[in-house]
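Colleague: I would like a close look at one part of this model before I use it. Please take it slowly, and keep the cut-offs in view.

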Amino acid sequence: MADQHAQSGQDGRPTEIPAIRWDEPPEGPVLVLLDQTRLPAEEVELVCTDASALVDAIRSLAVRGAPLLGIAGAYGVALAAARGFDVDDAADALAGARPTAVNLSVGVRRARSAYRAALAAGGDPARGAAAALAAARQLHREDAEASARMARHGLALLDELLPGGGHRILTHCNTGALVSGGEGTAFAVALAAHRDGRLRRLWVDETRPLLQGARLTAYEAARSGMAYTLLTDNAAGSLFAAGEVDAVLVGADRIAADGSVANKVGSYPLAVLARYHHVPFIVVAPVTTVDPATPDGASIEVEQRPGFEVTEITAPQAPMTGAGGGIPVAPLGTQAYNPAFDVTPPELVTAIVTEEGAVSPVTAEALAELCARSRQVTIS
């Protein structure tokens, strides 16, 4: 089960509420999430006492973003073990909560493997739970380290492609600290450019239909003091035509073996625009997002979200009247097409930046070599 309580900054100063944390109050261990559906109006923590509550949080996008989903999945297995639930049932439910983001299943598998190894070595369930928690915490630390390394590699690539600084970067969806154990993926690169005085403007796609750009990326950019401007997704073309975009930086939820990239729907049109206007299209993601078991883009299962996310608008603290709990913006009974992701083919990707470095041009051979030298890749 889960319950909520609100925390917010005072006098306009930002609070430092982590996106995810493990806590052990007297009544037993819990996983505490910053509820991203309530941002930016409120900073509210969602307390999960079992894996089923975490599954609900994942499906509702209270916790989201590929790297953070991996961390959450690992902690969810540890929570099930610590609370005495069936670990395999919990792991299966968690891994299936969102099908496209490969990091989720990677995190679940890692914690479950640690749990099973402890039991196989003669340990009792308590030792298994401790092993699963240790694995989750290690993954959390590794992701924070990977985030910092991606930022360095990404900034170096930007400086190579765009010497002189003054970068005008367009980003899509949300790829900052809210999706990571560190400062994020693509957003972390833009943040590094900002800190080095090399970011002229961050263009933020509002990201329909759930506005992760407007609600979350703008929130993080404002807290970081970055120069940013919000735009509707369909205004991006005019920015390119006006010569106002120097590079596109996006994250990824799954990267196939051939370099095809699944990311938040709307990424593929940006890649097409970038190619036409000769602008670099750069994907930033940890190596765990590369899935050697998925051969190509056609093999990526794209999650289909409920239609009410398109036919209704959900605004924090606004009156809700629609079937999905939002404000209706289309006639009753309207059908909606709502894929959560689209797939960008490798030929439209200028580079994939990971903690192990950048791959450019993006080929199956280059990705395979990257995976082979990375200690973080797990092939089942």
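Colleague: What is the strand order in the open sheet of four strands, and which kind of pairing does the sheet have?

Modeller: The model is a predicted one, in which local features need pLDDT of at least 70 and side-chain atom pairs count only at pLDDT 80 or more, while totals for chains, interfaces and linings use all residues. Residues are numbered from 1 along each chain as its sequence is written, and side-chain values use heavy atoms, with hydrogens and water left out.

The open sheet of four strands runs in the order β12-β9-β10-β15, and its pairing is mixed (strands are DSSP runs of E of at least two residues, helices runs of H or I of at least four, both numbered from the N terminus; two strands pair if DSSP finds at least two bridges between them). Its edges are formed by β12, residues 290-291, and β15, residues 341-344, each of which pairs on one side only. Strand β9, spanning residues 254-256, joins β12 in the parallel sense over two bridges, and within this pairing I255 stands opposite V290 of β12. Helix α9, residues 267-276, packs on this sheet, where it touches β10 (261-264) and β15 (contact means heavy atoms within 4.5 Å). The direction of α9 makes about 35° with that of β15 (axes are lines fitted to C-alpha atoms, for helices over the stretch in contact, and angles run from 0 to 180 degrees between N-to-C directions).

For context, there is also an open sheet of seven strands, likewise with mixed pairing, in the order β7-β6-β5-β8-β11-β16-β17. Here the edge strands are β7 (228-231) and β17 (357-359), each pairing on one side only, and from one strand to the next the twist averages 25°. Inside that sheet, β5 (residues 167-171) and β6 (residues 199-205) pair in the parallel sense over five bridges, with L170 opposite W203 in β6. Helix α6, residues 186-195, packs on the sheet and touches β5, β6, β8 (247-250) and β11 (281-284), its direction making about 155° with that of β6.

As for confidence, the chain averages a pLDDT of 92, and 91% of the residues score at least 70 (pLDDT is the predictor's confidence in each residue, from 0 to 100). Over residues 1-15, however, the pLDDT is below 50, although this stretch has 34 contacts in the model beyond near neighbours in sequence. Residues 376-380 also have a pLDDT below 50, with nine such contacts. Where pLDDT is low, the predicted coordinates should not be read in detail.
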